[in-house]
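Open the model in your viewer and keep the selection panel at hand. The stops below are meant to be taken in order.

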Amino acid sequence: MHDDRDLVEARLKRVLDERIRPAVYPASVPLDVAVWHAPGEPVPVAEGLSAVPGPIAVGDEWGPPWGTSWFTVTGVVPAEWAGRTVEAILDLGFDENMPGFQCEGLVYRPDGTPVKGLNPRNQWVRVGAPVEGGEEVRLHIEAASNPVVLDYHPFLPTTLGDKETAGTRPQYRLGRMDLAVFDETVWQLVMDLEVLGELMRELPVEGARRWEILRAVERALDAVDLQDVNGTATAARERLTGVLSTPAEPSAHRISAVGHAHIDSAWLWPLRETVRKVARTTSNMTALLESERDFVFAMSQAQQWAWVKEHRPEVWARVTKAVATGRFVPTGGMWVESDTNMPGSEAMARQFVHGKRFFLDEFGIENDEVWLPDTFGFAAGLPQIIRAAGSKWLLTQKISWSRTNTFPHHTFLWEGIDGTRIFTHFPPVDTYNCSMKGGEIAHAARNFKDKGVARRSLAPTGWGDGGGGTTREMVAKAARMRDLAGSATVTWETPAEFFAKAEAEYPNPPVWVGELYLELHRATLTSQAKTKQGNRRSESLLREAELWAATAAVRAGHPYPYEQLDRVWKIVLLHQFHDILPGSSIAWVHREAEKTYAAVAEELDGIIDAAQRALAGDPAGGTPLLFNSAPHTREGVAAGGASAPLLVGGATGVRSRDAVGERGGHILDNGLLRVEIDGRGLVVSVYDLAAEREAVAPGGAANLLQIHPDFPNMWDAWDVDEFYRNTVTDLVDADEVAPGEEPGSVRVTRSFGRSKVTQSLSLPPGAKRLDIQTEVDWHETEKFLKLAFSLDVRAERYASETQYGHTYRATHTNTSWEAAKFEACNHRFVHLEEPGWGVALVNDSTYGHDVTRAVRASDGGTTTTLRASLLRAPRFPDPETDQGVHRFRHALVPGATIGDAVREGYVINLPARRVLGDAEVAPLVTLDNDAVVVTAVKLADDGSGDVIVRFHEAHGGRARATLTAGFPITGVTATDLLERPIGEPRREGDEGDTVPLTLRPFELVTLRLKR
């Protein structure tokens, strides 16, 4: 037989496009349309429904950027359509080539009942099935004219990302607004032909199945009368029955389809718009669940559920009803799908606390699975947090975006820094917007890396980010592939059902140890510096607020602000969403975030101040009390306590380098360190006097600002490509190098481009660290600013703080896996060490860094260069990213052990507070081993008044310690993160106030101390 595949396939495409799909709606009549444009921000539904609309016609422009327009469509079903299925086709001006990211609508009935969302590939609303004829139709559409920020030519700078700069030009032109007859038989024929046509193209030419489908499709097309598609569709479908009913091979790959709509809580739209996106999508999904009995939809992010409950009660009623059926499934157990690299230990834990608790309180549902399809890599501390929250499975798809190395597994055990292992799945379909196309399903089966030992994968199915979720077409395609020869089998299942089956069939999966590093989007560790600073500052303030509020409640009967802290935590957690904290959202989002963080700081400072004043006693005639929020003793004040600080002896001297025969610059000396700053303002020597050891590499410098061009190939705010290193400018020209205003400090100012830097370098008396305060007035474009330290340390690996511990990375690039980590994440510290001596760099708000090494020709020694990433200036999606004044604090700690790095990291992030008073404050809890670090002291969330203390082993070794309660206790119970008991009580009854502890490396423990 001749090979006529191309001929039949081309015929199929044209007949579908030009004859069969248009026949799905064989008859239509126009609807009358009127519109009311809301002034300013969106209005309540009742106001939009009651507004008086004005005229508008199909083809007219509408909708300024970020506007809201309420359309009213009216019409009458023609009498001759009696007995037919009728739908309204409502095209707001959609571009169907984009499944989301543009205008959207939510359809309401006149009584305010939500019907469904309108999206680019979901423009229909069912009017009746069947109709009697003569029915009056009246629908209202709340339409959002969200501008297209990420257009066909992506990543072009645009002012559309903020309503303050977007202008008023209409963004859309009203499209088709009709009543139409819906021919379900023709629609089903379209589904048949799409499934078979897509499957056919994926099958091997040598196989019989491909030819069976080709001939069946040809026979079906022969049965279609192109002048009477509606009259011949049934006959065409009959000719496809055989190939559609041939069952799949028993060994076929098994796909669990999960209805899904990945909705970024903010990204190319502001937070307020996400509230409406979620309402539209959930309206769509509850409607689809009512008509499709096998369909299952899962939705993550408790914050988004809470938005629907608060802002759209009419939609919430439908959601709760659907949840009760078991097919609208809360998933993920987190407040938002957060970034997991940058959030601190407690913040990462609270994502699970607040997410899981919301689903438990509202529905009695606990998630065993964590759902993070789009997060930009996963910190090595996360597995322990997942387990401590009571979860056991993880799903993500994002690692498939890595550009250097292909991850070797799709289903595996992920081992964290403490040894906790989490059963993890990466969907081989390689998308979290699966649309049930044959190519996607075939790719999942071919791509699956665990063939021979496992057969199951998951496909998150549906359009996200304004696409409206799963469509009826996707459900219809999945039904045909449930058991279809040549295809993987597709079954709608909940995430938990998939994971239970996948784990059961694969009892000994491979193990991946350490972080899941995304080899892409590395610049998200630096973009939008003020957002990152707001996050770090908020985390520190929340620690202080809980600690001192709990202490004041126990010691002084001060009221504990349960509701206030709960609300503020949720604000901070929301802003850790994986496009807010990483700095990859539009200007509007980050402008609002800066204001939000300022309000959070003011509120938390108020809580802290009130609690400390309640504890300090009478300020009249009192002395300054130092309140120590850090987990280690500071200036003689116990961790978590307050008292008069010990006076630190000595002072820091500042003298000219001219006195020692050097040209220009200054020398700082506090008896522990001697620091030389040359005439360029560079630190050319940091000498550890006790160890008689130089920290700065010969010929090198510390405190060297370096600037690079920074224009990645795509994803401007997200990416920094490795070639940025090819060009660098050392900023060595100083405007001024002079003694600073503060005693024992040197001030350095520099100008470059259109920017200016002012630095203060100082040695605190009695402290073995060089403090560096940097103020940058930044006005560069597409540049990357780094702060470099050339160190005389030979180390094959270095440590970076992560949640509840630290992770190690190589300083060399032996393999492509190591070379790909040319920009990485730290929390409060990075630590380099060779046996017996190390150096730490601590910071108050930066996350990105890089570490490189070179062997010196002069003496054969090794120079290891550590660089902190300060600022970038990408132009998309925010064309003014990071413009303005920024302040950073770093400290170089020579001779540091890992314990010193931990301690100094807390010191720089938790400045001491001083309050006048006459009463010393004893800590609520003390631990007698500095390796065991307290991360939270608070009252229990259940209002019992019990004290919760959370701590972990921080040095990476085993630790013994004794916890002592500073108040009477009647019992001690280990709990999970949600403060539920696990295991047997540690202490019961009147057994004293101490608890002996033995911890594994990086082990996390939460205890409830019963008062």
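This is a predicted model: local features need pLDDT of at least 70, side-chain atom pairs count only at pLDDT 80 or more; totals for chains, interfaces and linings use all residues.

Residues are numbered from 1 along each chain as its sequence is written, and side-chain values use heavy atoms, with hydrogens and water left out.

**Cores**

Select Trp305, Phe328, Met436, Phe951, Leu963, Leu1007 and Leu1009. These have the most contacts inside the largest nonpolar core, which has 209 residues. A nonpolar core is a set of buried Ala, Val, Leu, Ile, Met, Phe, Trp, Tyr and Cys residues joined through side-chain atoms within 4.5 Å. Buried means under 20% relative accessible area, exposed over 50%, and partly exposed in between (1.4 Å probe, protein chains only). Apart from this core lies another, of 44 residues, including Ala702, Leu785, Leu787 and Val793.

Now centre on Phe951. Beyond residues up to four places away in sequence, Phe951 touches several others, among them Leu927, Val932, Thr935, Leu963, Glu1003 and Leu1007; contact means heavy atoms within 4.5 Å.

**Aromatic rings**

Next, select Trp305 and Trp316. The structure holds 38 aromatic pairs, and these two form one that is edge-to-face, at 6.5 Å centre to centre with 85° between the planes. Rings of Phe, Tyr and Trp (its six-membered ring) pair if their centres lie within 6.5 Å; planes under 30 degrees apart count as stacked, over 60 as edge-to-face and the rest as tilted. Trp305 lies in helix α8 (residues 302-311) and Trp316 in helix α9 (residues 313-324), so the pair ties together parts that are 11 residues apart in sequence. Helices (H or I, at least four residues) and strands (E, at least two) are DSSP runs, numbered from the N terminus. Trp305 is buried at 1% relative accessible area, and Trp316 is buried at 11%.

Phe363 belongs to helix α10 (residues 345-363), and the pair links distant parts of the chain, 47 residues apart. To see one whole aromatic cluster, select Phe295, Phe297, Trp305, Trp316, Phe328, Trp335, Phe358, Phe359, Phe363 and Trp492.

**A five-stranded sheet**

Show the open sheet of 5 strands with order β16-β17-β19-β18-β22 and mixed pairing. Which strands stand at the edges? They are β16 (369-371) and β22 (511-513), each with a single partner strand, so one side of each is left without a neighbour in the sheet. The twist averages 30° from one strand to the next; axes are lines fitted to C-alpha atoms, for helices over the stretch in contact, and angles run from 0 to 180 degrees between N-to-C directions.

Within the sheet, β18 (residues 411-415) and β19 (residues 421-425) pair in the antiparallel sense over 5 bridges. Two strands pair if DSSP finds at least two bridges between them. Thr411 stands opposite His425 in β19.

Select helix α1 (residues 5-20), where the buried residues are Arg5, Val8, Glu9, Leu12, Val15, Leu16 and Ile20. They pack against α3 (184-202), α4 (208-223) and α5 (229-238). In helix α12 (residues 438-447), Gly438, Glu440, Ile441, Ala442, Ala444 and Asn447 are buried, and the buried residues of α12 pack against α3, β13 (254-259) and β21 (489-492).

**Arg480**

Arg480 is in helix α13 (residues 472-480). Is Arg480 buried or exposed? Arg480 is buried, with a relative accessible area of 12%. The Arg480 side chain makes polar contacts with the side chains of Gln188 (2.6 Å) and Asp192 (2.6 Å). A polar contact is a pair of N or O atoms within 3.5 Å; within protein, one must be able to donate a hydrogen and the other to accept it, and residues adjacent in sequence count only if both atoms are side-chain atoms.

**Backbone details**

Select Ala129 and Pro130, joined by a cis peptide bond with omega of about 0°. Pro130 is in the loop between β9 (124-128) and β10 (136-145). Another cis peptide bond joins Phe876 and Pro877, with omega of about 5°.

Finish at His521, which has a positive phi of about 55° although it is not a glycine. His521 is in the loop between β22 and α15 (529-556) and is buried at 3% relative accessibility.
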